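Biologist: Could you walk me through part of this structure? I am new to it.
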Amino acid sequence: MAPRCNHCGASAEIYLDYARLNLCPACFKKFFEKKVKSTVSKYGMIKPGDKVLVAASGGKDSSALLFALKQLYPDVELKALHINLGIFGYSDECEQKFRELVEDLGVDFVVFDLREELGISMDDFRRTVYRRRLCSPCGTIKRYLMNKLAYEGGFTKLATGHNLDDVAEVLLNNYLHGKVEQLVRLKPVLPSIHPKSVAKIKPLWETTEMEDLLYASYQGIPFRTVECPLSAGTRSLRWKRLINDVAGKVRGFKHTFVKSHVNKVLPLLERSTPLPPLVECKSCGMPSSSETCAFCRRIQLVRGPA
Ligand SMILES: [Zn+2]
Ligand SMILES: [Zn+2]
């Protein structure tokens, strides 16, 4: 006999192993939104009067995030930001899906095109020392631009679509290499630590990649289906598979791992490892831990010395 939805008794399509829950599509959508809402309120992510910039890549996670926030917080001022990275055979489809979504939702939006605004693309980094390890400079560039555009637009929060799988992967990697300063920063809400740095929130902190995918699919949300050609075979994808293998054998592994970090380890780390103060980059004026910020250094790599 087909399994029944634990919430309404209809025929179930989804089994969530970590929660031992069978759900039908309608109840799953409610379950997902309830979870996002409880994450947002548990960590005080969105408060009355907040102006929220939602970074949306056109992928399933950030598209699900934008959609869910729009349903859950119709009165909050939301704007969607898309960064076109200029990756051949990939970025234009991402932007296309983003545009379809914001049009469907009627959300105010802005697109930042690397080629138009900076005269470079992520593809240009293939010619640098990064060669095939492009996720690192790509992450630096995205983080910088998201913060800068949020700051310049007067936003009080920057929301990103990092999911539980992303967090577990970064967490495990930081532990493995003892990257304590990065462990201290790995949390659902990163408050502003400099007048030019906007607080970062991760409302999908407790939803898995699979849940984001199911929510996006059941809601009919447009999202990209192509994979980034620059990220194929990267460490993070291999590690996520490994973590999923473990989660298949140890029920709730990802949830417990991340929860223990936030509730038990993080409070101790925060006391023992204060973050170093930030200075302003001598070249762009944005917050930086060194004289010239990581973004400006990466851009110089492509453009050559000024
Ligand atoms: Zn149901
Ligand atoms: Zn700079």
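Biologist: What covers the buried residues of H2?
Modeller: The cover includes helix H1 (25-42), strand S3 (51-55), strand S4 (77-84), helix H3 (91-105), strand S6 (157-159) and helix H8 (209-218). Contact means C-beta atoms, placed from the backbone, within 7 Å. Helices (H or I, at least four residues) and strands (E, at least two) are DSSP runs numbered from the N terminus.
Modeller: This is a predicted model, in which local features need pLDDT of at least 70 and side-chain atom pairs count only at pLDDT 80 or more, while totals for chains, interfaces and linings use all residues. Residues are numbered from 1 along each chain as its sequence is written, and chains are lettered from A and ligands numbered from 1 in the order in which they are written.
Biologist: How many residues of H2 are buried?
Modeller: 10 of the 13, so H2 is largely enclosed by the rest of the structure. Among them are Lys60, Leu65 and Phe67. Buried means 20 or more other C-beta atoms within 10 Å of the residue's own, exposed 12 or fewer, and partly exposed in between, with C-beta atoms placed from the backbone.
Biologist: Turning to strands, which way do S3 and S4 run, parallel or antiparallel?
Modeller: They run parallel, joined by 5 bridges; strands pair if DSSP finds at least two bridges between them. Ala55 has Leu81 in S4 as its bridge partner.
Biologist: And how many bridges pair S4 with S5?
Modeller: S4 pairs with S5 (residues 108-113) over 6 bridges, in the parallel sense. Opposite Ala80 stands Phe109 in S5.
Biologist: How many residues of S4 are buried?
Modeller: 6 of its 8 residues are, which leaves S4 mostly covered.

Conventions: Two residues are in contact if their C-beta atoms, placed from the backbone, lie within 7 Å.
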